[in-house]
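Please keep the sequence and the model at hand while reading.

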Amino acid sequence: MATKKAEILVIDDEEVIRSGCQQILEMNGYSVAVAENGRIGLDKIIQHEYDIILTDIMMPEMDGMELLDEISRLQKELVIIVITGYATLENAINAGRKGAYDYLPKPFNPDELLAKIERGLDYRAHLREVQLLRQDRDRNMLECSNERARTLTIINSMSEGVLAINRQGQIVLMNPMASKIMRLSEERAIGRTFDEILRNPDLKKSIVSSLQQVQADLRSTRLEFDTIYGRAIEASITPIIDENKECIGTVAVLIDVTEDKKIEKMKSDFVSYVAHELKAPLGAIEGYLNLILDGITTNNPQTEREMIEKSRDRAHGLIALINDLLDLSRTDRKKILKEMRAINVVHVVGEAIEFYRQRADAKSLHLTLNSTGQVPSIRANKDDLYRLFANLISNAIKYTPENGDVKVDIKRTNSHVRVDIIDTGIGISEEAQKHIFDEFYRAQNAVDKKITGTGLGLSIAKKIAEDHHGYIEVTSEEGAGSTFRVTLPIIQSE
Amino acid sequence: MAKRILLIDDDPDFIEINKTILQSGGYETDTASSSAEAMTKIGANDYDLVIIDLMMEELDSGFTLAYGIRDSARTRDWPILMLTSVQEKTGFSFDLATDQSWMKVDDFAAKPLRAAELLQRVERLLNRSN
């Protein structure tokens with residue numbers, strides 16, 4: 001057998017015994033090391049793992065008993081055979097108590113020595129096996145508990161609620177999200193049946209039918225239901241199948257979709273609102289065209305001309321609305337697509353003011369720009385920033401009666417650039433101020449005064465300000481004027 | 001004497017269009033752009049017919065106005081024509097045969113109406129009330 005040579009350490013102060021043992025053992029194919037006292041022997045034991053230690057009891061420096069004590073402190077499982085000149089039962093028992101496996105009374109012959117060594121090696125092999133088994137078992141248990149802990153941690157940190165139910169209908173697992181969704185504490189739920197704990201009849205029905213699946217083909221059922229706390233839940237219920245293809249329970253995965261539903265509804269409301277807003281001007285244009293084509297206005301060319309003008313105005317409003325909708329979708333798009341650069345706010349506002357100068361002049365408005373001190377650049381998308389101020393300035397001009405003032409003030413605060421757009425216009429009621437930044441909202445006084453608008457400009461302005469980590473505020477008094485304040489953070493350009 | 005018709009719509013262009021059509025048919029018209037303005041005019045004047053746009057301000061303001069007209073003894077028998085563009089906004093559609101009991105209107109039609117059809121409907125309602 002190509003097994004490794006067994007290694008034996010012989011510790012004895014008598015040279016004759018050391019070399020005698022060495023000779024006999026080496027002749028029988030063992031590898032032998034020797035030490036002349038306990039201390040040297042111990043050093044060797046610490047440094048190397050021997051299969052068998054053969055040690056004398058009576059030695060100077062460190063005797064066999066002391067050595068046994070030291071070895072037990074090492075917590076090594078070693079096979080120790082004690083050589084003793086006093087073949088007394090007492091010595092043997094004492095050595096045995098201290099962890100020796102066997103004893104060899106002096107004087108001994110080679111056969112006696114070899115028999116003891118062989119027996120010791122058998123024991124050593126057995127110890128090894130036990131040790132390996134134990135290591136194996138320990139490792140398995142560690143893996144087992146790690147695996148369990150890991151799975152639990154994963155389940156517990158899921159953003160979906162997980163509810164496992166056994167074949168008897170008892171809840172056996174409920175993760176924190178499931179407790180949150182069902183508003184049930186884990187302690188209250190575990191071990192109780194789903195029938196006692198759950199309230200929604202559709203959910204219960206799906207669980208029952210999932211548990212009844214025979215020869216299950218792992219079909220999961222999906223359903224949506226509302227909890228009594230007004231949350232919309234999407235549930236997916238799947239039978240748990242064992243190796244024998246039997247259903248041993250069911251697992252329900254619960255997702256709170258309340259917020260998604262809200263967004264869905266907002267989207268569809270928005271679409272129907274937009275459709276209506278697009279349809280109204282087209283209906284008016286169609287109506288005017290019908291009048292003209294049906295000849296109702298033939299006798300009155302002046303009226304006919306007015307109607308064509310009105311149609312054109314509605315078409316114009318429609319284009320403005322569509323432009324605003326496009327702006328809105330542009331600002332909705334991910335910022336990553338936009339080029340952000342160091343922008344001089346004073347320049348951008350100046351450009352917008354020049355663009356609207358003519359419109360202000362036509363109403364004899366006093367349109368001015370003031371900037372106080374050094375205004376640092378901010379990181380922004382230039383087109384968006386222009387659109388933001390253009391919206392606010394054109395609004396100010398639109399809602400300010402003739403001979404009024406529109407003033408733009410730009411100033412640096414500690415960490416922000418602040419732009420105030422101040423007008424002496426019709427103002428905004430307190431009620432309307434709450435909604436002024438909502439999409440399609442139009443203040444009643446603006447509607448009453450027949451000032452046209454899409455109701456989107458300010459919601460676009462707000463989005464742009466927020467996209468640049470800033471914000472927009474309004475202060476206003478009806479009849480006296482409004483101030484829109486845009487505050488944008490100064491971001492050090494990198 | 002020319003029949004007087006009150007036109008209620010919050011869209012000035014639709015008022016303009018329908019007014020032109022009605023005037024071309026020889027009717028006298030009065031207009032209101034909100035329910036409140038309409039109630040004031042109804043309180044002060046007599047009309048032979050009222051044309052209401054359902055989509056004014058709030059979804060139910062056209063109905064509320066119709067109920068208001070039916071509530072007063074003086075105005076109870078005035079024919080009401082309701083114009084609506086409500087279908088595409090709410091997916092809600094009306095059937096005169098089944099909904100008239102609660103709608104309290106005599107006729108309704110989708111906007112916009114061609115001149116001939118509007119005049120035809122108006123004439124029918126006025127003849128019926130005579």
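Predicted model: local features only at pLDDT ≥ 70, side-chain atom pairs only at ≥ 80, totals over all residues.

Across all chains the structure holds four aromatic pairs. In one of them, Tyr101(A) and Tyr123(A) are stacked, with 4.3 Å from centre to centre and 5° between the planes. This pair links distant parts of the chain, as Tyr101(A) belongs to the loop between helix H4 (89-97) and strand S5 (102-105) of chain A, while Tyr123(A), 22 residues apart from it, belongs to helix H5 (residues 110-156) of chain A.

In chain B, the ring centres of Tyr47(B) and Trp78(B) are 5.9 Å apart and their planes stand at 85°, so this pair is edge-to-face. Here too the pair links distant parts of the chain, 31 residues apart: Tyr47(B) is in the loop between helix H2 (35-44) and strand S3 (49-53), and Trp78(B) is in the loop between helix H3 (61-71) and strand S4 (80-84), both of chain B. Tyr47(B) is buried, because its relative accessible area is 3%, and Trp78(B), at 8% relative accessibility, also counts as buried.

In chain A, the charged end of Lys116(A) sits over the ring of Tyr103(A), at 5.7 Å from the ring's centre, and Arg183(A) lies over the face of Tyr229(A), 4.2 Å from the ring centre.

Definitions and conventions:
Residues numbered from 1 in each chain as written. Chains lettered and ligands numbered in written order. Heavy atoms only, no water. Phe/Tyr/Trp six-rings, centres within 6.5 Å; stacked < 30°, edge-to-face > 60°. Helix = DSSP H or I, 4+ residues; strand = E, 2+ residues; numbered from the N terminus. Buried < 20%, exposed > 50% of the residue type's maximum accessible area, 1.4 Å probe, protein only. Lys NZ or Arg CZ within 6 Å of the ring centre and 35° of its normal.
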